[in-house]
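Take a walk through this model, from the interface to the pocket and then to a few local details.

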Amino acid sequence: MTTETTITFTIDGQTIEGRAGQSIMDAADQAGIYIPRLCDVEGLHPQGSCRVCTVKANGRSTASCTQPIEEGLEVENETRELRNYRRDLVRMLFHEGNHLCPICEASGNCELQAMAYRLGITQASKFPYLQPVRPLDASHPDIALDTNRCIRCGRCIRASKDIDGKHVFGYVGRGIEKQVGVNGSKLSKTNVSIEDYAISPDVCPVGCIIRKGEGFKTPIGARKYDQSIIGTDKKQPGN
Amino acid sequence: MSDSPKKRLATTSLAGCFGCHMSLLDIDERILALIEQVEFDRSPINDIKKITRRCDVGLIEGGCCNEENVHTLQEFRRKCDVLVAVGQCAIMGGLPVMRNAIMHSDDPLKECLYEAYIDSPYIQNDNHQIPNDPALPLILDRVYSCSEVVKIDYQIPGCPPSGDMLWQTLTSLIEGRPENLPLELIKYD
Ligand code: SF4
Ligand code: SF4
Ligand code: FES
């Protein structure tokens, strides 16, 4: 018999209760408070790499998806300063890859785009567009990989390793050159399958992993984030 | 309001498809209210080819893919108090910018023109010649977004932006308020 220790802390002044060992994000989710995120998704281990979930915990910036809660912790989430950080991070992801939303099959379902909508990104940005040369791998009969849109969140890597037990995806290179590679010379030479969880629509937040033959099943304008702002469909407390 | 002078509005399409201008017509009957408040200066809508005098607001559709686009954009910047990049092409280059990512040799422009007119298996012109009529503006080494060329004050995203979005922004700017789009209207597609 174990009794779970309850931890009480605050997010933007609101008192929250969580369990010892929970991350700030998990506890916030349970309380129905949304913290923006890209590399973290339910069902996969947190990786803490995109930093879009950055909050201030007792005044220090930290990734809320990996930072455990503590008794009496004061967390800031929806502040002007943090929104500006998040805006810059999301903008940089747009500038680092080649994101042509008007021709992207993920448009409307894409979490990166939805985050930009939520953050109200409409102003001219101070960053240059890098316009990198990135490969498209359409060798597989059921799956295509358009790395122009990859934000290197690692969700496919964790899904393939931890859920499918396959290690189809992995990081290659470092720094700005860091990319997602596959365990074969091209996708058709790997053990990937359209049945893999890593290939399911929930895993890749953007339009990099494409399930062939399903394009435009739902028309542009009627897609997930055309209906509601990301994070506003959160579960209510207690669910 | 009615006796205050009308604001002047200029619009142009650079390396765009005129979709954003078509979308402006999607404000439907609100165009009557718009005409009450603004006078169109240079615009494809009235076919005035040169800006006649200083304008309050300039709307730019499309990025810059040739030298004429650059000259037009610079003229708009000089003569408009507020300059707005309208649509994804003006904001980040849009579909024409795809050529930037495919041009990666030492001679990117040549590579682009050869792909378009000489080498590609899909080309339609049988004489396989690169168009070189002196009347054609010179193509740039790559496609530039508007903010790479001049200072842009506001952006209205979308491909094209909806009539509602254009209306929201235009009415704000005409009344001298900053752009303030409701989040629900922001779309990049
Ligand atoms: S992946 Fe998302 S942000 Fe990138 S082009 Fe597609 S819809 Fe736009
Ligand atoms: S392919 Fe998709 S899931 Fe994998 S790292 Fe890139 S963006 Fe993330
Ligand atoms: S969601 Fe926490 S770092 Fe990406």
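This is a predicted model: local features need pLDDT of at least 70, side-chain atom pairs count only at pLDDT 80 or more; totals for chains, interfaces and linings use all residues.

Residues are numbered from 1 along each chain as its sequence is written, chains are lettered from A and ligands numbered from 1 in the order in which they are written, and side-chain values use heavy atoms, with hydrogens and water left out.

Start with the interface. In chain B, 26 residues are in contact with 26 residues of chain A; contact means heavy atoms within 4.5 Å. The two chains bury about 2100 Å² between them, 64% of it on carbon and sulfur atoms. Buried area is the accessible area (1.4 Å probe) that two parts lose on being put together, summed over both. B:Met92, B:Tyr188 and B:Asp189 supply 31% of the area that chain B buries against chain A, more than any other three residues.

What polar links cross here? The rule finds seven residue pairs in polar contact across the interface, both residues at pLDDT 80 or more. A polar contact is a pair of N or O atoms within 3.5 Å; within protein, one must be able to donate a hydrogen and the other to accept it, and residues adjacent in sequence count only if both atoms are side-chain atoms. The chain B side that touches chain A divides into 14 nonpolar, six polar and six charged residues. Here Ala, Val, Leu, Ile, Met, Phe, Trp, Tyr, Cys and Pro count as nonpolar, Asp, Glu, Lys and Arg as charged, and the others, Gly among them, as polar.

Now the largest pocket. It is lined by 48 residues, of which A:Glu111, A:Arg155, A:Asp202, A:Lys224 and A:Tyr225 lie nearest its centre. A pocket is, on a 1 Å grid over the protein atoms alone, an open set of points where a 1.4 Å probe fits, with protein on both sides within 12 Å along at least five of seven lines; lining residues have an atom within 4 Å of a point. The lining divides into 19 nonpolar, eleven polar and 18 charged residues.

A:Asp12 has phi near 50 degrees, a positive value in a residue other than glycine. A cis peptide bond joins B:Cys159 and B:Pro160, with omega about -10 degrees. A:Asn58 is in contact with A:Gly72, A:Leu73 and A:Glu74, leaving aside its neighbours within four places in sequence.
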